[in-house]
Amino acid sequence: MPADLRVRFLHPSGAIGPGKIALLEAIDRTGSISAAARSLDMTFRRAWFLVETMNTAFREPVIRTSVGGREGGGAGLTPLGQEVVARYRQTQEEARKAAEPHLRWLDEVLKKTENESRVEAADSNADGTT
C-alpha cells in the first residue's frame, strides 16, 4: 500500500478527522445513526456519542435527528454538516496533491510489507519475469 496521509481538523472546541467524517457520510447515505453505525462496525452508543460531540462542537448542529414512531426515526446532515464533509474532502485532496512527491519518496525509501513483497513476487511469476 502506498504512503498516504490523514487529515484532521483540530480546534479547541473539538477535532474532526477520518472517523467522524466517515460517520457523517454513512448517516447521509443511510438516513439513520444506527444503520450508519452498523455499516462502520461501530456500536450505536459510540455513534450517538460522536453525533452529540459534533453537534455540540459547532455553533449549530451538523446532524439532524427525528424521533421514531409510525414513520420511524431518522437522521441526516444539516447544510452545515454537508459543508463540513465537503470542505474536509476538499482539504484532504489538496493535501494529498501537495504531499504527493513526498509520499512517493517515502514509498521508495520505506521497506515493503510482507504482503506487498508477496504480491510483487506473484506478479513477477505470472508474467514470467522471475
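Predicted model: local features only at pLDDT ≥ 70, side-chain atom pairs only at ≥ 80, totals over all residues.

Tutor: Residues are numbered from 1 along each chain as its sequence is written, and side-chain values use heavy atoms, with hydrogens and water left out.

Student: How many helices and strands are there in the chain, and what makes a run count as one?

Tutor: Helices are DSSP runs of H or I with at least four residues, and strands are runs of E with at least two, both numbered from the N terminus. The chain has five helices and four strands, in the order β-β-α-α-α-β-β-α-α along the sequence.

Student: Why is Arg-6 called exposed?

Tutor: Exposed means over 50% relative accessible area, buried means under 20%, and partly exposed lies in between, with a 1.4 Å probe and protein chains only. Arg-6 has 76% relative accessibility and therefore counts as exposed. Arg-6 is found in the segment before β1 (9-11), and its C-alpha is 7.8 Å from that of Gly-17, 11 residues apart in sequence.

Student: Why is Thr-78 called buried, and what is it in contact with?

Tutor: Thr-78 stands at 14% relative accessibility, so it counts as buried. Thr-78 lies in the loop between β4 (74-77) and α4. Contact means heavy atoms within 4.5 Å. Apart from neighbours within four places in sequence, Thr-78 is in contact with Pro-61, Val-62, Ile-63 and Arg-64. For the chain as a whole, 26% of the 130 residues count as buried.

Student: What makes Glu-25 and Arg-89 a salt bridge?

Tutor: A salt bridge is a side-chain nitrogen of Lys or Arg within 4 Å of a carboxyl oxygen of Asp or Glu. The closest N and O atoms of Glu-25 and Arg-89 are 2.7 Å apart, and the pair forms a salt bridge. The pair links distant parts of the chain, with Glu-25 in helix α1 (residues 18-30) and Arg-89 in helix α4 (residues 79-109), 64 residues apart. Glu-25 counts as partly exposed because its relative accessibility is 25%, and Arg-89 counts as partly exposed because its value is 30%.

Student: How many salt bridges does this rule give, and which of them lie in helix α4?

Tutor: The count comes to four. Among them is Arg-87 with Glu-83, whose closest N and O atoms are 2.5 Å apart. Arg-87 and Glu-83 both lie in helix α4, four residues apart, about one turn of the helix. Arg-104 and Glu-100 also form a salt bridge, at 2.6 Å from N to O, and both lie in α4, four residues apart. An α-helix has 3.6 residues a turn, so residues three or four places apart point the same way.

Student: Why is Arg-87 called exposed, while Glu-83 is called partly exposed?

Tutor: Arg-87 counts as exposed because its relative accessibility is 52%, whereas Glu-83, at 35%, counts as partly exposed.

Student: How do you know that the span of helix α3 is close to the expected one?

Tutor: The expected span of a helix is 1.5 Å times one less than its number of residues. Helix α3 (residues 44-57) has 14 residues and reaches 20 Å from its first C-alpha to its last, close to the 20 Å expected. For α1, with 13 residues, the reach is 18 Å, close to the 18 Å expected.

Student: Why are the buried residues of α3 said to be on the same side?

Tutor: The buried residues of α3 are Ala-47, Leu-50, Val-51, Met-54 and Asn-55. They cover an arc of only 130° around the axis, which puts them on the same side of α3; the arc is that of the directions from the helix axis to the C-beta atoms. The face turned away from the buried side carries the exposed residues Arg-45 and Thr-56. What covers the buried residues of α3 includes β2 (14-16), α1, α2 (33-39) and β3 (63-66).

Student: Which residues of α1 are buried, and what covers them?

Tutor: The buried residues of α1 are Lys-20, Ile-21, Leu-23, Leu-24, Ala-26 and Ile-27, and what covers them includes β2, α2, α3, β3, β4 and α4.
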